[in-house]
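Have a look at the structure first, then we'll walk through both.

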Amino acid sequence: MSDGGTGEVPGDRAESGTGRLSGTGRPIPEHLDEAECLRLISPSGVGRLAYNGRFGPTVLPVNYVVHEGTIVFRTAHDSPTDEDLRTGIAGAEYKVAFEIDNLVPAAQQGWSVLVQGSAHHVESESERASVLAAGVEPWAGGVRELFVRILPTRITGRRISNSRTSRRSQ
């Protein structure tokens with residue numbers, strides 16, 4: 001059971017962020033700085049978009065790229081995601097969360113990065129050309145010509161590894 005804030009197990013004496021085993025023999029979560037989080041997610045891939053949609057909390061997998069410090073993904077015009085992420089108010093921001101991880105369950109190790117920020121529909125031609133050049137390609141079939149960009153306001157992450165595993169290999 002976590003103490004609610006640090007991810008450490010009560011009674012552990014080892015410091016978080018060391019990659020060492022705790023007094024209970026479990027790996028200690030290492031809190032990652034923003035630069036390390038961006039390094040881990042920069043190869044792009046699949047992450048989970050979370051937002052409060054019209055039917056309540058919604059979490060969807062999307063493939064993404066990191067482009068100019070933002071997360072970019074594609075969806076279809078008039079899709080539920082498109083409609084849910086539009087406020088109907090010019091200049092208003094829609095707050096979202098985006099989570100990316102790399103887990104190795106058999107080794108009980110991996111990392112997780114959480115990006116929080118606002119989602120913006122890419123509408124100007126110059127911005128569209130920029131994100132199109134970033135190369136995000138949808139996996140799902142159909143026409144997905146709407147680009148959405150997440151402008152991060154907070155990037156946090158954690159890594160759990162055991163003392164026998166190099167952190168850089170994850």
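Buried here means under 20% relative accessible area, exposed means over 50%, and partly exposed is in between, using a 1.4 Å probe and protein chains only. This is a predicted model: local features need pLDDT of at least 70, side-chain atom pairs count only at pLDDT 80 or more, and totals for chains, interfaces and linings use all residues. Residues are numbered from 1 along each chain as its sequence is written, and side-chain values use heavy atoms, with hydrogens and water left out.

**Cys-37**

- Cys-37 is buried, at a relative accessible area of 0%.
- You'll find Cys-37 in helix α1, residues 34-41 (helices are DSSP runs of H or I with at least four residues, strands are runs of E with at least two, both numbered from the N terminus).
- Setting aside neighbours within four places in sequence, Cys-37 is in contact (heavy atoms within 4.5 Å) with Leu-32, Val-113, Ile-155, Thr-156 and Gly-157.
- Gly-157 sits 120 residues away from Cys-37 along the chain, yet their C-alpha atoms are separated by 6.1 Å.

**Strand β7 and its partners**

- Strands pair if DSSP finds at least two bridges between them.
- β1 (residues 30-32) pairs with β7 (residues 146-160) in the antiparallel sense through three bridges, and His-31 stands opposite Arg-158 in β7.
- β4 (residues 70-75) runs antiparallel to β7, joined by five bridges; Thr-75 is opposite Leu-146.
- β6 (residues 109-121) and β7 share 12 bridges, again antiparallel, and His-121 has Val-148 in β7 as its bridge partner.
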